[in-house]
Amino acid sequence: MKKLAIITTIVLGLAATSCDSYMDINESPNSPKESDLNSSILFPAAEMNLAASYGDYLRIVGGYFAQYYSQSFGTSNYLDYSQFQMSATRSSSTYTQLNTRGLKTLQLVRNYAEQHEEWGDYLAATVLRAFIYQALVDCYGEVPYTEALDVNNATPKYDSGETIYNGIIAEINDALSRAKATDRVCTNFLFPGQTADPWIKFANALKLKLYSRMGGSDGEIAALLDEANFPEEDVAYKDCWANENGALSPFFAEEISTSWGSTQINVVANIAIIGSMQVKDATGGLVYEDPRLPSFFLKNGSGNYTGGISGSNFSTSSSYKAAYWCRPVGSYDMPVYLLTRAEIAFFAAEYFARNGRAMEAEIAYKMAVGESFATCGVDGADGFVAQWPYDQNNYKKSIGIAKWIALAGVNPFEGYCELRRLKYPAFGTVKGSDMYNENDDASYQPGKYEAGTLYTPIKVFGPVGDNQLLQRFPYAESSSARNTSAPAFPGYTTPIFWAQ
């Protein structure tokens, strides 16, 4: 781990140079020689860039926008996120990391692998490249793609999300046509010491997600489901973290660890996810408690599960201090999930439901719930299905709510994406201001929350407004500020192409 971390630090600097000129750098005794640059040096750098950006920043913003998280007492780091607000500057550094460092480094790997006919490496780099582009589209809707990464083009055009999705699927298919399951894959963190076989399975699962989001691709989805060559376990960065500064899992390092000297608490549970996993009746009696809840959130200082309300940080409160709220479960070695087996089964359930195959849809729905419980290492999937049964007549609601809950403690960013696409959970009749008045502690009434719904934050970003989600990020300032090809921002409530 330490050796690869050092290599990663060196290569992150190299990756910021152009794909055409990286071999022209002045050699330094502290840098790899030109003759030593290969996929095994380059690839881990791109992986750690992806894991850090996707597993920290996108987890945090996804958690707030999906109402998994709320802002802790008295602090304001992410209060804007809890109010469904995003600025062009807030995501700029992450955009730059993913685009300039992640994508450029992966292109170096692809170039090297193609030159040396190392098709396992070519496939692995292509799959992660596609994954990053998918995440960028899911944030911004449109980003540079066909003219991106060209050092001689300072104003690359922004391609539509649909163009990019189709492009990366074509790239994956091309890489799959070149690679064999037995091909060697260079040093990597995701499937260390493996051949191309798990990368082929991951590629198939990623294609299933892309096709499912695009719509109108049932033939391709059917072929993937018939072949059923998907990952045998969740795809995650899970065995590459260590209990030392610089090697901690990203979200833990940012928001939970005190090893850097900070004890400030920002991220706490939201009443929406707590109230949907711990369902109570009108009198406050417990109706159902999801066995995955302890895997997602810690109990508060009084041994209870409590959730804050979006749009406020309770800063004037005398009753609801930091110890009152539940924090996310985290550890130095917590996985950074890219794609889970539960998601694969949920996509299958959606395909069957859309095509009127109700029995198969229900089977896949139950399988997805079971996979989610298996990820958490707990039993009780049947109890969840009894509480949230599958309904073919409203399959998007059934799948949407179950998937939203399943991703809460695993991959909040994907939860936010699927929430926008499936449009469930929907907004209920209760607003944040109905549950808490910032000027009156006694007004906090979490019992008013309706299980399986969203709510308008107490203070909501004006351009988003009531009963709506933030549908997209404004184009990152680092990408658009000096690019005359950047389009006009279509608006915070204009859906990404797959959510229209």
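A: Among the contacts in the protein between residues at least 6 apart in sequence, 73% join residues at least 24 apart, where contact means heavy atoms within 4.5 Å. This is a predicted model, in which local features need pLDDT of at least 70 and side-chain atom pairs count only at pLDDT 80 or more, while totals for chains, interfaces and linings use all residues. Residues are numbered from 1 along each chain as its sequence is written, and side-chain values use heavy atoms, with hydrogens and water left out.

The protein contains 18 helices and eight strands (DSSP runs numbered from the N terminus, H or I of at least four residues for helices and E of at least two for strands). Its radius of gyration is 22 Å, close to the 23 Å that the globule rule gives for 500 residues, so the protein is as compact as a globular protein of that length; the radius is taken over C-alpha atoms, and the rule is 2.2 Å times the number of residues to the power 0.38. Along the principal axes, the C-alpha atoms fill a box of roughly 70 × 50 × 45 Å, and 58% of the 500 residues are buried (under 20% relative accessible area, with exposed over 50% and partly exposed in between, for a 1.4 Å probe and protein chains only).

The part to look at closely is the pairing of helix H7, residues 197–214, with helix H8, residues 218–227, whose axes come within 10 Å and cross at roughly 150°. The axes are lines fitted to C-alpha atoms over the stretch in contact, with angles from 0 to 180 degrees between N-to-C directions. H7 and H8 are therefore roughly antiparallel to each other (over 145 degrees; under 35 is roughly parallel, 65 to 115 roughly perpendicular and the rest oblique). On the H7 side the contact is made by Asn 204, Lys 207, Leu 208, Tyr 211 and Ser 212, and on the H8 side by Glu 220, Ile 221, Leu 224, Leu 225 and Glu 227. These residues divide into five nonpolar, two polar and three charged, where Ala, Val, Leu, Ile, Met, Phe, Trp, Tyr, Cys and Pro count as nonpolar, Asp, Glu, Lys and Arg as charged, and the others, Gly among them, as polar.

Arg 184 and Gly 120 are 64 residues apart in sequence, yet their C-alpha atoms are 5.5 Å apart in space. Not counting residues up to four places away in sequence, Arg 184 touches Glu 118, Gly 120 and Asp 121. A further pairing across the chain involves Arg 482, in the segment after helix H18 (477–480), whose C-alpha atom is separated by 7.7 Å from that of Thr 155, 327 residues away along the chain. Arg 482 counts as exposed, at 72% relative accessibility.

Elsewhere, some loops carry backbone features of note. Phe 84, in the loop between helix H3 (79–82) and helix H4 (92–116), has a positive phi near 65° although it is not glycine, and Phe 84 is buried, with a relative accessible area of 0%. Phe 314 lies in the loop between helix H11 (293–296) and strand S8 (336–339); its phi is also positive, about 50°, and at 1% relative accessibility Phe 314 counts as buried.
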